[in-house]
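These notebook entries record what I looked up in one structure. I began with a term that I needed for a later entry.

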Amino acid sequence: MQHASSSTISKNRPRRVMPFFGLSMGISIFALSLLVILPFAMMILTTLQMGVGEIIQTIFEPQVFAAIKLSLTMAALATMTNLIFGTLIAWVLVRYEFWGKSLINALVDLPFALPTAVTGIALATLYAPNGLFGQWFASLGMWLIGKPIQIAFTPIGIWLALVVVSFPFIVRAVQPVLAELSSEYEEAAAVMGAGRWTIFRRVILPEITPAMLIGAGMMFARATGEYGSVIFIAGNIPMQSEILPLIIISKLEQFDVAAASCVALFMLLISLVILFAINFAQWKLSARLGAKTN
């Protein structure tokens, strides 16, 4: 009887797909602690070597505060830009068949494959005042407003670089959701008399919004700390086009490790707060959509 009951318990016990779960979990936690938690903890400890007054003074130093404002503003503008155009690219890749589609689909991942420094040098070469596109913008500005329009070495160049390096996030986040979204709902809405804008707003947009939020969070986090592609096109003029990662590098070059850690920790906290807010909004939206479906 005891043997039979043991056999029954073993049959009812769910089998794990991955063997040695405890060992695997331990290795995962150790690797996460070594690669992620420990560096962040050391950053916090290094920052705490400064007093509270020194931390506040470092953050609100005019040059540092201007770099923080510029980095967050350009990251937000790049995120909003990619939310529109990245979603459009995902829509075209999913809903239409055309010659060269595979090539365009591969080009979407090009910013991931290229070193960021290469991207920055290429953009600076194209949009410099004497570059291929820069000359055209300069001539256009002289014709429209009487002075040349400059892209490189201005905040506009920072925005352009952030758009380029971060747009694959939204495309790859929205694309699989659109691929799984059946067109039958759109056809049913059209049969019932709904217009194209109503179909997009009431049928398509609620389905892709959680994916758009996830992509936006990843885009903003990437754009906030981007350095390699921006440094060549920003101009790096203090109080005008100096980004926050450059402030960190300059403080490290001055051997002010505590101040560099303070600025880096502040940037990290801002990114974490925005990521948590976006994830919370995505969770609430998914729960609301699930409740409506049920």
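Entry 1. I noted that a residue counts as buried under 20% relative accessible area, as exposed over 50%, and as partly exposed in between. I also recorded that the model is predicted.

Entry 2. I looked up Leu-32, which lies in helix α2, residues 21-47. Its relative accessible area is 47%, so Leu-32 is partly exposed. I then found Leu-32 in a nonpolar surface patch of about 1,200 Å². Among the other residues that make this patch are Phe-30, Leu-34, Phe-40 and Met-42.

Entry 3. I turned to the chain as a whole and found 13 helices and 0 strands. The C-alpha atoms fill a box of roughly 90 × 60 × 35 Å along the principal axes. The radius of gyration is 25 Å, whereas a compact globule of 294 residues would have one near 19 Å. Buried residues make up 34% of the chain.

Entry 4. I asked which residues have the most contacts inside the largest nonpolar core. They are Leu-123, Tyr-127, Ile-158, Leu-162, Val-230 and Ile-233, in a core of 22 residues. At least two residues of this core come from each of α4, α7, α9 and α11. Helix α9 gives the most, with 5 residues.

Entry 5. I examined Leu-123, leaving aside its neighbours within four places in sequence. Leu-123 is in contact with Leu-160, Ala-161, Val-164 and Ile-233. Apart from this core, I found another of 19 residues, including Leu-93, Val-108, Phe-167 and Val-171.

Notes
Residues numbered from 1 in each chain as written. Predicted model: local features only at pLDDT ≥ 70, side-chain atom pairs only at ≥ 80, totals over all residues. Heavy atoms only, no water. Core = buried A, V, L, I, M, F, W, Y, C linked by side-chain atoms within 4.5 Å. Buried < 20%, exposed > 50% of the residue type's maximum accessible area, 1.4 Å probe, protein only. Helix = DSSP H or I, 4+ residues; strand = E, 2+ residues; numbered from the N terminus. Contact = heavy atoms within 4.5 Å. Patch = residues over 30% accessible without salt bridge, like charges linked within 9 Å, V, L, I, M, F, W, Y side chains within 5 Å. Areas by Shrake-Rupley, 256 points an atom, 1.4 Å probe, with all protein chains shown as cover. Salt bridge = Lys/Arg side-chain N within 4 Å of Asp/Glu carboxyl O. Rg over C-alpha atoms; globule rule 2.2 N^0.38 Å.
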